[in-house]
Amino acid sequence: MNNHRNDLFDTKGLNIASTSSVNKLNAKDDDLFRINSHSSFKLPENALEQEVNIQGRKNRKSKKASSSAAKADLVIQNASAPNVAVAGSTIQLTYQVKNKGKSSAGFNYTDCYLSKDKTLSSDDNLLGWNWIGGLEAGSATSQSYNVTLDENTAPGTYYLVYRADALDNILEINNSNNIAAREITITAKNKQTQGYNPTSGYGLVNAAAAVARAAGQNTFADVPNRGGNDWGADLVKAPEAWANGYTGQGVVVAVLDTGVDYNHADLKNNIWTNSKEIPGNGKDDDGNGFIDDVYGWNFYGNNNNTLDGNGHGTHVSGTIAGENNGVGVTGVAHGAKIMPVKVLNDDGSGYYSSIADGIYYAVNNGANVINLSLGGEYPNGTLQKAIEYASSKNVIVVMAAGNDGKSVPGYPARYADNWGLAVGAVDKNKNMADFSNRAGQNPLAYVTAPGVKVYSTLPGDRYASYSGTSMAAPHVAGVVALMLSANRNLTDAQVRQILAETSGNSTQTTALSGENNITSFSHNNSLTTAISNFNVSSFSSNNTTTWRHGNTTSGDAGAIASQTSTSSTNGNHDGMFLNSPTWLEFWNDYKTSVASSSNISTNGDEVENIVGKRKALLEAV
């Protein structure tokens, strides 16, 4: 656990309350400090601790404190966090704080601890805290911030214990409902991180090894390559899995993209249909909230037309599940079904909210794998929650790393630190494509797959070769489908681990091979508002024409996730060092509040005195 010695609150949970002048700070009857009555933390043995304990007992006996305590009541509501996380990873906490009391509560904060039970104790680890300011009676505020788990945390079941409190917590009437606990399973940090490469992550996926591991067997023996347009399937060793009877049968892969030409001769027999829906009757027969969604749903246009007017989604679909019919291309998981979910328009652009809605639809309607061959520059809480939801239902989300040639993936691929998989692109020679975003220094579930001149289906029974991480991601989605056809009980975490341990990191770090003239691509991000759009990953056709999908400034409000954390503080306590401007401003505000609520006089010297006393306390602990 980190030592937050320079933070606003000391690591032992001591809170500050004041009901009289702060001038008598060194006197025995000083009542500036008190122990939070619902905290079981113990301060070090020193003179200051005795002073604090004495005052704590006095405050508990104080009639004035009792009468004041009937004013405010902070409650933690709707606490949310991942169900499963890896030791050392960063997770997002979301929750709501409500003041159920009859008066406002000032200087409120929340903190979160990792505990073996649902209560706070001295051996719990402080993960972080969040300053939320004042809260009026009856009002509530939603909070969200990130915390990092200690990488040495032993695997097991824990509880995230959220607490709401206030520096003037003498106003609280109930110190039991301000704590909420949420169970979380922490898994060991992947032992294969020594094989992790900042360029290529865990390297080229290997279906022979990964599917065999899923089936509880040793790696499958090599078989002859199919050659020709199926070179991508050969490179990821899909034929080895086919030879052992695993083709993706019984697995549904949702393609969230520009739509799918479900009438294509090489796809029509491998398209998922909603068997509970009666086509064309204008009714929501299965009660899922969508009318006539026989071939999925269009979340960009809010209708049931999921046909592809661009080509990108159809190309992706062929790589995953093109039929094994000796024509065109054979998909990596040619026994799987494609669920069309249109989340991008025919220009290849869309919104976070549409993609998130598409994920929920796919998960709730039977998808086992979700392919996201799209990307953007910015994180988004709404989309992150949807990916987390998929993971909680053991639906594996496969995400293109992006085509900007950067040292780290774009979004949502960067969420592969906790959920799903990020995929970079290589060519026939296993060379990293120069346009592909790399894995980055911080290990995440990043693998590589063929993404240069990949031959696949296009609308109207056509075919073409495209390049991009958009073409690499469906290779991995196909491999995951093969794994699930071997073992339908695999969790998201298990799929991530198996691929990390079986992908052969033979990927080289050189530039794209000379057979291609494709240069690095970048998205045309012309955003002038806070709304971030999503694009399909830029790709190149076989004549190396660059396809660029620019963002627009128009958008829907649903693309923005509400973030109410203040900018002056964060979970790592940055910006609140003792005697910093933020610290002094805080104490000035606190002094003013105490003066107005307790009818005491204060001045700048007293604030300085408070700062000095707090500094002494922090140094003592």
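Tutor: We will go from the whole chain to the sheet, then to some helices and single residues.

Student: Fine. What kind of model is this?

Tutor: This is a predicted model.

Student: How many helices and strands are there in the chain?

Tutor: The chain has twelve helices and 24 strands.

Student: And how much of the chain counts as buried?

Tutor: Of its 621 residues, 57% count as buried. The accessible surface comes to about 23,700 Å², and carbon and sulfur atoms make up 44% of that.

Student: What about contacts in the chain, what share is between residues 24 or more positions apart?

Tutor: Among contacts with a separation of 6 or more, residues 24 or more positions apart account for 75%.

Student: OK, the sheet. What order do the strands come in?

Tutor: The order is β12-β13-β11-β15-β17-β18-β19, seven strands in an open sheet with parallel pairing. The edges are β12 (297-298) and β19 (446-450); each has a single partner strand, so one side of each is left without a neighbour in the sheet.

Student: How many bridges join β18 to β19?

Tutor: Five bridges join β18 (residues 421-426) to β19, and the two run parallel. In that pair, Gly424 has Thr448 of β19 as its bridge partner.

Student: Which helices pack on the sheet?

Tutor: One of them is α6, which touches β11, β13 and β15. The direction of α6 makes about 160 degrees with that of β11. Another is α10, touching β17 (396-400), β18 and β19. The direction of α10 makes about 30 degrees with that of β18.

Student: Back to β11. Is that strand buried or exposed?

Tutor: Buried: six of the six residues in β11 (residues 252-257) are, so the strand is largely enclosed by the rest of the structure.

Student: Which residues are on which side?

Tutor: Val252, Ala254 and Leu256 are on one side, with Val253, Val255 and Asp257 on the other, and both faces are covered.

Student: What does β11 pair with?

Tutor: β11 pairs with β13 in the parallel sense over six bridges, and there Asp257 is opposite Lys342. Three bridges also join β11 to β15 (residues 369-372), again in parallel. In that pairing, Ala254 is opposite Ile370.

Student: Where is there an antiparallel pair?

Tutor: One of them is β20 (residues 454-458) with β21 (residues 462-466), which pair over five bridges. Tyr455 is opposite Ser465 there. The two strands form a hairpin with three residues between them, and Gly460 has a positive phi near 80 degrees.

Student: Change of topic: helices. Why is α3 said to be largely enclosed?

Tutor: Helix α3 (residues 207-214) has seven of its eight residues buried, so it is largely enclosed by the rest of the structure. The buried ones are Ala207, Ala208, Ala209, Ala210, Val211, Ala212 and Ala214.

Student: What do they pack against?

Tutor: The buried residues of α3 pack against α5 (238-243), α9 and α10 (492-502).

Student: And what happens at the start of α3?

Tutor: A side-chain oxygen of Asn206 comes to within 3.0 Å of the backbone nitrogen of Ala208. After the helix comes Gly216, with a positive phi near 75 degrees.

Student: You mentioned α9. How many residues does α9 have, and how far does it reach?

Tutor: Helix α9 (residues 469-486) has 18 residues and reaches 26 Å from first C-alpha to last, close to the 26 Å expected at 1.5 Å a residue. It is mostly covered, with 17 of the 18 residues buried.

Student: Now single residues. Where is Thr330?

Tutor: Thr330 is in the loop between α6 (312-321) and β13 (337-342). Its relative accessible area is 6%, which is under the 20% cut-off, so Thr330 is buried.

Student: What does Thr330 touch?

Tutor: Beyond neighbours within four places in sequence, its contacts are Arg226, Asp230, Trp242, Gly322, Glu323 and Asn324. With Arg226 there is a polar contact of 3.1 Å between the side chains.

Student: Last one, Pro198. Where does it lie?

Tutor: Pro198 lies in the loop between β10 (179-187) and α3. With a relative accessible area of 31%, Pro198 is partly exposed.

Student: How far is Pro198 from Pro443?

Tutor: They are 245 residues apart in sequence and 7.7 Å apart in space, C-alpha to C-alpha. Leaving out residues up to four places away in sequence, Pro198 touches Ser407, Arg438, Ala439, Gly440 and Gln441.

Note on methods: Residues numbered from 1 in each chain as written. Predicted model: local features only at pLDDT ≥ 70, side-chain atom pairs only at ≥ 80, totals over all residues. Heavy atoms only, no water. Helix = DSSP H or I, 4+ residues; strand = E, 2+ residues; numbered from the N terminus. Expected span 1.5 Å × (residues − 1). Buried < 20%, exposed > 50% of the residue type's maximum accessible area, 1.4 Å probe, protein only. Contact = heavy atoms within 4.5 Å. Polar contact = N/O pair within 3.5 Å; in protein donor to acceptor, adjacent residues only side chain to side chain. Areas by Shrake-Rupley, 256 points an atom, 1.4 Å probe, with all protein chains shown as cover. Pairing = 2+ DSSP bridges. Axes fitted to C-alpha atoms, helices over the stretch in contact; angles between N-to-C directions.
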